[in-house]
2 protein chains.
Amino acid sequence: MTTIGFIGLGSMGLPMATNLRGAGYEVLAFNRTREKAQAFAKEGGWAVDRPRDAAGAGVVVSMVSNDRALEEIVEGSGGVLEGLPQGGLHVSMSTVSPAAARRLGATHAEHGCGYVAAPVFGRPEAAAARKLWICSSGAERGRARPILDALGQGVFDFGEDPGAANVVKLSGNFLIAAALEAMAEAFALCEKNGIARAAVASLFSSTLFACPVYKNYGDVVAAQRYSPPGFRLALGAKDMALVLGAAHESGAPMPAASLVHDRLLASVGRGRADLDWAGLALAVSEDAGLRR
Amino acid sequence: MTTIGFIGLGSMGLPMATNLRGAGYEVLAFNRTREKAQAFAKEGGWAVDRPRDAAGAGVVVSMVSNDRALEEIVEGSGGVLEGLPQGGLHVSMSTVSPAAARRLGATHAEHGCGYVAAPVFGRPEAAAARKLWICSSGAERGRARPILDALGQGVFDFGEDPGAANVVKLSGNFLIAAALEAMAEAFALCEKNGIARAAVASLFSSTLFACPVYKNYGDVVAAQRYSPPGFRLALGAKDMALVLGAAHESGAPMPAASLVHDRLLASVGRGRADLDWAGLALAVSEDAGLRR
């Protein structure tokens, strides 16, 4: 049985690590909060004390919440770079900045190890059902492929630059946020004209926009049900900050991204950090005098 | 054979009038440019000289380019209101402002006639193939239904307010424009990072955004082919002005609509009025230094 390390048993990481076990891997799991790793061990995995212990398996997958958490588990004391052997591989699946991915790609290479960026689209239910869509990039992405195939329903290749997959991932989250803002504005306009939000959502998600984002979020924005969150609004704001950071570094003005970033920040300011990020629509309705 | 009037044999109106003939209607057609009506007469329709002559059939369909053209054919000399008999019906399929639709609805009622708003989604090819999606509203929309069924693949009912269907139609065009702007920004960001636009378009239009708008326009924005136009950019700018007008009257701020309106106006300013409206993406690329 092949042994693999896994770092980060959050709402996404836990079902992913569980699927790797189901695919026949022996999984050595590290989590900052030790209880989650112990619970995972009770189900047939193994709990380890430090990221370096997980990396000792030679191949380690990570799924953590942001640039800082990733840098900490890689470069911190007891981190991945202390444990990965020569020729080892780190499959980094977190949504992080392209700049961080590029820097860590270079650092791994200096240590004689591979770094593959493989951020995902999909919520925890999709992770559990192996329905993630995965973007991958980095020189050694071919080696990561069997692992990624065990975690998702499709893998898209974006070449050797370890930052590329994260650029695409952030672009996708921006497209979703832009669609949320547009639906919020359109539905508020319709509601102000006496038209049921659900009727409008139903029309568009069954015709021009008959796709998962408009169907699922269209229903949410029409019904204005933003709790429990599928993806926390505060994380959406973080991702839009990453988009704008990448836009700045790339010299690519993105006014719609600026708009949705401001919208999400204002929603955090109004106390909605823990709602689903589709809850940005509440501020649109408030501005139209539809909620007080 | 039932006789029906038809006003406006433009790129949308001509295939629609032709389909009404195919559905068994005798069609009396008026067009401002007389040659088009004469050509239609050669194919088995009838050409008439004034909108009132078309309206004399008792039921008249109109498809013209904007508020002013609609008001002219309805209220001008020799207009629809002079020809429609008591109990007559005007099925108004143009994309116009909700305010104009409401005012004309009231005017028709004063004349003892019905006014049904029935704007459509779809390009000329869709009109020819009877694949239009149609929104309808107005008290007598039930009477219009057989006609609409002969023209499209689906009719969506938005109640008695003759302005409602136009609010929904404008909302849909805004959703498309917002998606165009978002794709333009995302693809430019990716291109600046060395990622092929087509690869990004392909990923999104086969997963999260697997729907007509993102598939068709995603290919166009990726390939940057904006001519010949499916929908002229200048008309897109006009529609976004209608959206913002409706937003103003409704007291519903729409910052994303303002952004795409400005983008389209700037594109007209740069000489692109006659490109497809997806050509708004050229300005996004220029601002990113990708085109000079």
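Axes here are lines fitted to C-alpha atoms, for helices over the stretch in contact, and angles run from 0 to 180 degrees between N-to-C directions. This is a predicted model, in which local features need pLDDT of at least 70 and side-chain atom pairs count only at pLDDT 80 or more, while totals for chains, interfaces and linings use all residues. Residues are numbered from 1 along each chain as its sequence is written, and chains are lettered from A and ligands numbered from 1 in the order in which they are written.

**View 1. Chain A as a whole.** Chain A comes to 14 helices and nine strands. Both kinds of element are DSSP runs numbered from the N terminus: helices are H or I with at least four residues, strands are E with at least two. The C-alpha trace spans about 65 × 45 × 35 Å along its principal axes. For 292 residues a compact globule would have a radius of gyration near 19 Å, and chain A agrees with that at 20 Å. That radius is taken over C-alpha atoms, and the globule rule is 2.2 Å times the number of residues to the power 0.38. Of the 292 residues in chain A, 58% count as buried. Buried means 20 or more other C-beta atoms within 10 Å of the residue's own, exposed means 12 or fewer, and partly exposed is in between, with C-beta atoms placed from the backbone.

**View 2. The side of chain B that touches chain A.** Here 55 residues of chain B are in contact with 55 residues of chain A. Contact means that the C-beta atoms of two residues, placed from the backbone, lie within 7 Å. On the chain B side, at least two residues each come from strand 9 (152-157), helix 9 (164-192), helix 10 (197-205), helix 11 (212-223), helix 12 (233-250) and helix 13 (255-269). Helix 9 of chain B gives the most, with 18 residues. Sorted by class, this side of chain B has 40 nonpolar, 10 polar and five charged residues. Ala, Val, Leu, Ile, Met, Phe, Trp, Tyr, Cys and Pro count as nonpolar, Asp, Glu, Lys and Arg as charged, and the others, Gly among them, as polar.

**View 3. A helix crossing between the chains.** Helix 9 (residues 164-192) of chain A and helix 10 of chain B have axes that come within 11 Å and cross at roughly 55°. That makes helix 9 of chain A oblique to helix 10 of chain B. For these labels, angles under 35 degrees are roughly parallel, over 145 roughly antiparallel, 65 to 115 roughly perpendicular, and the rest oblique. The crossing of helix 9 of chain A and helix 10 of chain B is right-handed; the near helix is turned clockwise from the far one in a right-handed crossing, and anticlockwise by less than a right angle in a left-handed one. Look for A:V168, A:S171, A:G172 and A:L175 on helix 9 of chain A, which make the contact with B:V200, B:L203 and B:F204 on helix 10 of chain B. This contact has five nonpolar, two polar and no charged residues.

**View 4. Helix 10 of chain B beside helix 11 of chain B.** These two helices pack at an angle of about 170°, with their axes 9 Å apart. That makes helix 10 of chain B roughly antiparallel to helix 11 of chain B. From helix 10 of chain B come B:R197, B:A198, B:A201, B:F204 and B:S205, and they meet B:Y214, B:K215, B:G218, B:D219, B:A222 and B:A223 in helix 11 of chain B. The class count for this contact is six nonpolar, two polar and three charged.

**View 5. A lysine in helix 9 of chain B.** B:K169 is found in helix 9 of chain B. It is buried, with 28 other C-beta atoms within 10 Å. Leaving out residues up to four places away in sequence, B:K169 touches B:T95, B:P119 and B:C135. B:C135 is 34 residues from B:K169 along the chain, yet their C-alpha atoms are separated by 7.0 Å.

**View 6. Backbone details in the loops.** A cis peptide bond joins A:S227 and A:P228, with omega about 0°. A:P228 sits in the loop between helix 11 (212-223) and helix 12 (233-250) of chain A. In chain B, the peptide bond from B:S227 to B:P228 is cis, with omega near 0°. B:Q224, in the loop between helix 11 and helix 12 of chain B, has a positive phi of about 55° although it is not a glycine.
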